[in-house]
Amino acid sequence: MDFTDVSLTALRVFRAVAEQGTFTAAAASLGYTQSAVSRQIAAIERAAGAELLERRREGVRLTTAGHLVMRRATVVLDEIDATARELSGLPEQAGTVRLGWLPSAGAALVPRALAALRHTDPGIRVVGREGGTPALVRALRAGSLDLALLASAPPFRPPDAESPPLALQTLTERALCLAVPAAHPLARGDFIDVADLRGQHWIASSASGEDRLMGVWPGLDERPEIAHTARDWLAKLQLVAAGCGLTTVPASLAPAAPHGVRILPVRGGPQEQRRLLLAHPPQTPTEPVTRVAAALRAAALSSGTPDAS
């Protein structure tokens, strides 16, 4: 089989696997069976005459040949999508920027940046998606995102080990906070002592692809009592408002906190710093990407956006 005979379906499946990190996740995102995904990957690797994906226990990683195919596949698929838009009577989106963001960034920072862009650069179209940091990094590497807002916690390692490294800029670095029911005894002061967190009930969720719990204060010297699990930030905050427990939050979510929730700093232990990173592939960004990045930096510097998680 010659590589020129590779189907668009195989290219889309290959891109999905590279973005999602596993065959299972790619199959779920595409609505395919895992065996169908495996067949498409086997076909495209046969056509390439090389292994495009390095299979690891924790997922897949693009090989050198895989990076080459991904770069070309992204161009082809983008052109096909642009053709489909033109055929349906829509104008070509020459100023389109594909932006990924964390759920916490999407609650306040991203809407402010997009609102500002509508006034300063109305010709730029931002196509966005929400995700966790590992998924967003994979999408940047796969070429399906131009820009992403990522989270980083101590010891602040690079988001992946690929070379060349992603271009990174720290937008904010602030302390992690705690969301507490307004009627809770811990909400009476202006801060919470870490020693008072023993025996509390927590609202948590599992970090994507990790064993650690998000929502529980880091470093507690006891097994946390998980009252509820929820992936959505708004759901977590509403559960806090209902008095169901506590959860960690970036201070950037304070403006979005519902009535009945206080966002407070924690003292008495190691500082739990969190960074919000702006990332793009190592290549020089286009002018539209540069303009969107500038809007995100301005939104991060504006009042009321002190943190990320």
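I looked up arginine 267 and found that it lies over the face of phenylalanine 191, 4.2 Å from the ring centre. Here a charge sits over a ring if NZ of Lys or CZ of Arg is within 6 Å of the ring centre and within 35 degrees of the ring normal. Arginine 275 likewise lies over the face of phenylalanine 156, at 3.7 Å from the ring centre.

A note on my source: this is a predicted model, where local features need pLDDT of at least 70, side-chain atom pairs count only at pLDDT 80 or more, and totals for chains, interfaces and linings use all residues. Residues are numbered from 1 along each chain as its sequence is written, and side-chain values use heavy atoms, with hydrogens and water left out.

Next I checked the domains, whose bounds come from an automatic or database domain assignment. I noted domain 1 (8-86), domain 2 (94-172 + 275-302) and domain 3 (175-273).

Then I turned to where domain 2 meets domain 3. I found 10 residues of domain 2 in contact with six residues of domain 3, contact meaning heavy atoms within 4.5 Å. Together the two domains bury about 580 Å², with 67% of it on carbon and sulfur atoms; buried area is the accessible area (1.4 Å probe) that two parts lose on being put together, summed over both. Ser104, Ala107 and Pro134 supply 49% of the area that domain 2 buries against domain 3, more than any other three residues.

Last, I searched for salt bridges (a side-chain nitrogen of Lys or Arg within 4 Å of a carboxyl oxygen of Asp or Glu). Between domain 2 and domain 3 I counted zero.
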